[in-house]
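Okay, hi everyone, I'll keep this short.

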Amino acid sequence: MTTRAIHLLTRASGVSRDRLDRILVIGLPIIGGMVSQSVINLIDALLVGRISGTALAAVGIGSYASFIIVSMMMGLSAAVQAIVSRHFGAKRYQQMTEPMLAGLFLTIVVGIPFTLLFIGISPRYLGLFTRDQAVLDIAIPYFDWRTAALAFVGMGFVFRGFWSGIGESKIYLKILLFMHATNAIVSYFLMFGLSEFLGPNTWQGLGTVGSGIGTAVATTLAAVVFFWVTFFHHTERFSLSLPTKSTLLQLSRLALPNSIQQTLFALGTGCLFLIIGMIGTKEQAIGHILTQLQLLLILPAVGLGIAGASLVGQALGQEHKENAYRWGIDVARVAIIILGLLGLPMWIAPEWVLRIFTADKELIALGAWPLRIIGLNIVLEVAAITLTQALLGAGASRKVLKINLLMQWGVFLPLAYLIGPVLGYGLTGIWLLQALQRITLSAIYGFIWRARHWAHISV
């Protein structure tokens, strides 16, 4: 960000320049990494779309099925970050690598059995998403290759937690960009072979499965680079401390609730698509675009929230509980300004935004009001996003699980079914309900943050 932009953000948010700089130093690289992941997903879709519509559908199903499994490992990142940031804040530098090594151990213990299990049952597992055999014939090998790198994906989460925990997320971003570049190059070569360069009489490539192999190769290479950078390039900075049984149990206790919550969120997203599909095919088509836009919009809040988690954990490690509280509030203020600006086009000119993704006038008309709701509501749901991450940084993963589980599966999804397909209020009714749900979450998390019981959690 430019100096002028930072100055304006300081004035608009009411956050001091030195505190804003600390938030952005950690948060911007994480946001960059998340945005780069979204961009590479779009590029992947464009490349696969050149093969056939069936291939595109297969990759969509394979990616979503893979996302559900990967979400089971996501809790390790927040857990490692929570413990490492406490050690860093308390200046227990010699203990910082212990939770990271514990996390890497758990990725192997959990990742390898999960890999073997889901590759073994992949025909039945993917059969839950579609009965189209032509789609399954492509989706299964694609999914198998993605799943083969599951343990390495988990290692990436662990390293992100470690480097974010000590406030050096730039290292994570650089390796992530390397992974994305490798993925794009290797996937393109394996999908289309040499025919793109030397003519149709040369090797034609592997087709769609090449994309899955490329992703697996890039993920594995990224894990290797993470190991080299952490244990060899920066070896003089960290003293290796092998994980004890208590650290493994501590990490598992923090990671399990968040992993369950992430998995249920992924499953809930799938259930929402099924509910929208009951309204109509066109609604399901525009619903997919709306969901992707919504996820893209909240990335800055998630990135800033992860930065907040590190700063909260470090402050608690220093026994500065009031400062930890202020970090949560400051991050929310900064996120409100940024997301408020990003949401402007969505509620001022939703039709223009939707025309980027589709020329179908009926789809644009269906999606206009839901997109307005997304753009208007984003500033009201920021607290739910940033304070969720801050609470995870404080070690309150069980509380986050209980609240999100109740609000998503106990309230939102049943009411979405009632309001959408049953009562006939369509997409607009569902997105209004979702806005109300997320405003409620913001109020709940705001109350919990102000109560400050999280400041007394021992991790």
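So, which helices each supply at least two residues of the lining of the second largest cavity? Those are helix H4, residues 75-89, and helix H12, residues 245-279. Just so we're all clear, this is a predicted model.

Who's around it? The lining is made up of Gly75, Ala78, Ala79, Leu254, Asn258, Leu392, Gly395 and Ser397. H4 gives the most here, with three residues. If you sort that lining by class, you get four nonpolar, four polar and no charged residues.

Now, on to how the two helices sit against each other. H4 and H12 pack with their axes 7 Å apart, at an angle of about 135°. Roughly antiparallel would need an angle over 145 degrees, so H4 and H12 count as oblique to each other. Their crossing is right-handed.

And which residues actually touch? From H4 we have Gly75, Leu76, Ala78, Ala79, Val80 and Ile83, and they meet Gln250, Leu251, Leu254, Ala255, Asn258 and Ser259 from H12. By class, that contact has eight nonpolar and four polar residues, and again no charged ones.

Technical notes:
Residues numbered from 1 in each chain as written. Predicted model: local features only at pLDDT ≥ 70, side-chain atom pairs only at ≥ 80, totals over all residues. Heavy atoms only, no water. 1 Å grid on protein atoms, 1.4 Å probe; cavity = no way out; pocket = protein on both sides within 12 Å on 5 of 7 lines; lining within 4 Å. Helix = DSSP H or I, 4+ residues; strand = E, 2+ residues; numbered from the N terminus. Nonpolar A, V, L, I, M, F, W, Y, C, P; charged D, E, K, R; others polar. Axes fitted to C-alpha atoms, helices over the stretch in contact; angles between N-to-C directions. Parallel < 35°, antiparallel > 145°, perpendicular 65-115°, else oblique. Left-handed = near helix turned anticlockwise from the far one by under 90°. Contact = heavy atoms within 4.5 Å.
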